[in-house]
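Me: Hi! Could you walk me through this one while I have it open?
Reply: Happy to, here it is.

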Amino acid sequence: MSVYSIDKLMVEARKLAANYRRMTGKTLPISGEIARHDASTLLDLTLVEGMSGYDALDMDGQRVQIKGRVIFDGQKSKPRVGQLKVGQEWDVVVLVLMNEDYEAVDIYCMSHGEVRAAMEDAASSKRISRGAMSVARFKAASEQVWSNESEQLQEKVPLKLVVSG
């Protein structure tokens, strides 16, 4: 048994990643693990290890792929969601958006079918064909399921991730 709880470790990991970025201008590859932790905690998901294509299960057994993206102030490039594994078995994907302190700000959810439809609509892009999608496109095509600014959304937790499509 560890002296530290996972929640305390995540607080320290956020601080370390944010301070490292401020000092060096580079990011540590930790946002995915923080996103997994936040999604599981905030949406009452059960994390699973070693599953191909998904990271967690919701309370109805839906397979959830979890993606995370830190949005930095003054960022010049258009942020992208990590590769969406469309050919693998999963039911919904959640995108955890974090601020420059690696704290969850918003969580969006989209079904597998909705991801496929969004990718088909933009099939001319080589990035889309590789499973990449901009954060803006993801937000436009998905449903916001949690926000740190909206108590109304927070009251939905624990949440059934049922999305049309």
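**A hairpin, a central strand and its surroundings**

Reply: In the hairpin of β5 and β6, which has five residues between the strands, tyrosine 102 takes a positive phi near 65°. Helices here (H or I, at least four residues) and strands (E, at least two) are DSSP runs, numbered from the N terminus.

Me: What kind of model is it, and how are residues numbered?
Reply: This is a predicted model, where local features need pLDDT of at least 70, side-chain atom pairs count only at pLDDT 80 or more, and totals for chains, interfaces and linings use all residues. Residues are numbered from 1 along each chain as its sequence is written, and side-chain values use heavy atoms, with hydrogens and water left out.

Me: Thanks. How many helices and strands does the protein have?
Reply: Six helices and eight strands. From the N terminus on, they run α-α-β-β-β-β-β-β-α-α-β-α-β-α.

Me: In what order do the strands of the sheet come?
Reply: The open sheet has six strands in the order β1-β2-β3-β5-β6-β8, with mixed pairing. β1 (46-47) and β8 (143-147) are at the edges with a single partner strand each, so one side of each has no neighbour in the sheet. Two strands pair if DSSP finds at least two bridges between them.

Me: Back to β5, then. How does β5 pair with β3, and how with β6?
Reply: β3 (residues 63-70) and β5 pair in the parallel sense over seven bridges. With β6 (residues 104-111), β5 pairs in the antiparallel sense, also over seven bridges. Valine 96 of β5 stands opposite glycine 68 and opposite isoleucine 107 in β6. Valine 93 has methionine 110 in β6 as its bridge partner.

Me: Why is β5 described as largely enclosed?
Reply: Seven of the seven residues of β5 (residues 92-98) are buried, so the rest of the structure largely encloses this strand. Buried means under 20% relative accessible area, exposed over 50%, partly exposed in between (1.4 Å probe, protein chains only). Both faces are covered: Val92, Val94, Val96 and Met98 are buried on one side, and Val93, Leu95 and Leu97 on the other.

Me: And what share of the protein's residues count as buried?
Reply: 42% of the 165 residues.

Me: Which residues touch the most other members of the largest nonpolar core?
Reply: Ile66, Val94 and Val96, out of 23 residues in that core. A nonpolar core is a set of buried Ala, Val, Leu, Ile, Met, Phe, Trp, Tyr and Cys residues joined through side-chain atoms within 4.5 Å. At least two residues of this core come from each of α1 (6-24), α2, β3, β5, β6 and β8. β5 gives the most, with four residues. There is also a second, separate core of 17 residues, which includes Trp90, Tyr108, Ala118 and Met133.

Me: What about glutamine 65: buried or exposed?
Reply: Glutamine 65, in strand β3, counts as buried at 1% relative accessibility. A polar atom of its side chain lies 3.4 Å from the backbone nitrogen of lysine 85.

Me: How many aromatic pairs turn up in the whole structure?
Reply: One. Phenylalanine 72 and tyrosine 102 pair edge-to-face, 6.3 Å centre to centre with 70° between the planes. Rings of Phe, Tyr and Trp (its six-membered ring) pair if their centres lie within 6.5 Å; planes under 30 degrees apart count as stacked, over 60 as edge-to-face and the rest as tilted. The two residues are 30 residues apart, with phenylalanine 72 in the loop between β3 and β4 (80-81) and tyrosine 102 in the loop between β5 and β6. Phenylalanine 72 and tyrosine 102 are both buried.

Me: What sits over the ring of phenylalanine 72?
Reply: The charged end of arginine 21, 3.8 Å from the ring centre. A charge sits over a ring if NZ of Lys or CZ of Arg is within 6 Å of the ring centre and within 35 degrees of the ring normal.

Methods:
A polar contact is a pair of N or O atoms within 3.5 Å; within protein, one must be able to donate a hydrogen and the other to accept it, and residues adjacent in sequence count only if both atoms are side-chain atoms.
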